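Have the model open in your viewer and work through the stops below in order. Each stop gives a selection and what is there.

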Protein chains: 2
Amino acid sequence: MYTIKEVAKIMDVSEHTLRFWAKSGFFPFVERDSNNIRQFSDNDLEWVRIVKCLRAVGTENKAIKKYIDLCVAGDSTIKDRYKIIQETKQKALNQMEELKKQLDVLDFKENFYRNLIEHNLEDTWNPMNKRKTGAKTV
Amino acid sequence: MYTIKEVAKIMDVSEHTLRFWAKSGFFPFVERDSNNIRQFSDNDLEWVRIVKCLRAVGTENKAIKKYIDLCVAGDSTIKDRYKIIQETKQKALNQMEELKKQLDVLDFKENFYRNLIEHNLEDTWNPMNKRKTGAKTV
DNA sequence: ATATTTCTTGAGAGTTACTCTAAGTCAAGA
DNA sequence: TCTTGACTTAGAGTAACTCTCAAGAAATAT
C-alpha cells in the first residue's frame, strides 16, 4: 500500500493532480485508512498508469471517465475497451507524425540560423545591412 | 495577402486562435486594410508557422512572445534564437520518447485485450467467473 | 434601391485541466 | 506539550484556448 506522496513519486504525477484525478472518479477502488488517508494498492497503480497514458496522448478527462466506467462495469465491456485502446493508439501515432513534421520545421530553422551564424554574422555589425521593417526573419 | 479566414485554412489553425495569437503579439507585422481587416503577407505566414510549431511542442505563450521579441529586435539576437530553436528541438525529441513509452503501454493493453477476446470471451457470460471487487482490470 | 447575407472586428464570458492556497485534522518525535 | 509534517477538503487562480455576441462594412439577391 502507498500514500499519495509515494504514488506521486513512483508514477511521476503531482499529488495535486492525483487528488484531482481521484475526485474525477479515475481511481474507484482506492481505499482509505482509519484516518481517511488514501491507500493505493499495486492494482491502483495500474489505474494511475493507464490514466497517465490516456492523458499523455490528449484524451479528455470526460472520455477517460467513460473508459474507467467501462472497466468498473466488468467483462461485458471488454470489446468496447479494446476499441478505445485501438483508437487511442491511432491518435498517438498521429501525434507522432505531427511531432515529426514540427521537428522538420525546427531542423530547417536550426540550419537556417547556423548558416547565418557561420557565414554572415559579421554583417550583423554592419549598419549598411539593416533589414527593412516588416521583412524580419522569424 | 490573405484574410484571417484564408490563413486559418492554409495553416490549419482556427480564426479564434489566430486572433488570440495576434492579440498576444505573435504577429507584429500584420497590416490592416482601410476597413481594419487584417492582411497577412506570405512572410506573416512564416510567423504563423513558427508559432504553431513552438505551440505544438508545448512552448508556453510567454516564451513564444520572448522569441518573437528577439526576432523583432533584429540580427543581434540570432545566436539567442538559435539556442532557443535547439532547446525546442531537444524538447520535441523528449516528447517523442515519452510518446513512444505511452505507445508501449497501449500496445501492451491492446494485446492484453485481444488475448482476452480471442481466448476467454465465452467466460464473460459465465456467472461463475465474476471478478472480485477492487481487482478489476483497467 | 433596398434587403439580406456574409465577413470581419473587439470585448468578454465560458471551458478544460490543472495548480496552488488556505484552513483544518491527526499522529509521531524533541 | 509543542511542533513538525503528511494528509484532508474546498475553493481560488492560471493558461490557452474556445465560443458568443453585437456592430459595421461589403457583396449579393430581389
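Buried area is the accessible area (1.4 Å probe) that two parts lose on being put together, summed over both. Keep that in mind for the stops that follow. One caution: this is a predicted model.

**Stop 1: the two domains of chain A**

Select residues 1-73 of chain A, which the domain assignment gives as domain 1. Then colour 79-138 separately; that is domain 2. Between them, domain 1 and domain 2 of chain A bury about 720 Å². Carbon and sulfur atoms carry 69% of that area. Now show Val57(A), Tyr67(A) and Leu70(A). These three supply 67% of the area that domain 1 of chain A buries against domain 2, more than any other three residues.

Count the contacts next. On the domain 1 side of chain A, 9 residues touch 8 residues of domain 2. Salt bridges between the two domains number 0. Polar contact is found for 1 residue pair, both at pLDDT 80 or more. Highlight helix H3 (42-56) and helix H4 (61-73) of chain A: each supplies at least two residues of the domain 1 side. By class, that side has 7 nonpolar and 2 polar residues, and no charged ones.

**Stop 2: the axis**

Bring chain B into view. Chain A can be laid on chain B by a turn of 180° and a shift of 0.0 Å along the axis, with an RMSD of 0.1 Å. The two copies are thus related as by a two-fold rotation axis. Which residue of chain A comes closest to the rotation axis? Select Met96(A): its C-alpha lies at 3.4 Å. The same surface serves both copies, as 100% of the contact residues of chain A recur in chain B.

**Stop 3: the interface of chains A and B**

Select the contact residues: 50 in chain A and 51 in chain B. The two chains bury about 4,900 Å² between them, 74% of it on carbon and sulfur atoms. Show Leu106(A), Lys136(A) and Val138(A). Together they supply 14% of the area that chain A buries against chain B, more than any other three residues.

Finish on the helices. H3, H4 and helix H5 (78-120) of chain A each supply at least two residues of the side that touches chain B. H5(A) gives the most, with 25 residues. Colour this side of chain A by class: 25 residues are nonpolar, 12 polar and 13 charged.

Terms used
Residues numbered from 1 in each chain as written. Chains lettered and ligands numbered in written order. Predicted model: local features only at pLDDT ≥ 70, side-chain atom pairs only at ≥ 80, totals over all residues. Heavy atoms only, no water. Domains from an automatic or database assignment. Contact = heavy atoms within 4.5 Å. Salt bridge = Lys/Arg side-chain N within 4 Å of Asp/Glu carboxyl O. Polar contact = N/O pair within 3.5 Å; in protein donor to acceptor, adjacent residues only side chain to side chain. Helix = DSSP H or I, 4+ residues; strand = E, 2+ residues; numbered from the N terminus. Nonpolar A, V, L, I, M, F, W, Y, C, P; charged D, E, K, R; others polar. Least-squares fit on C-alpha atoms with pLDDT ≥ 70 in both.
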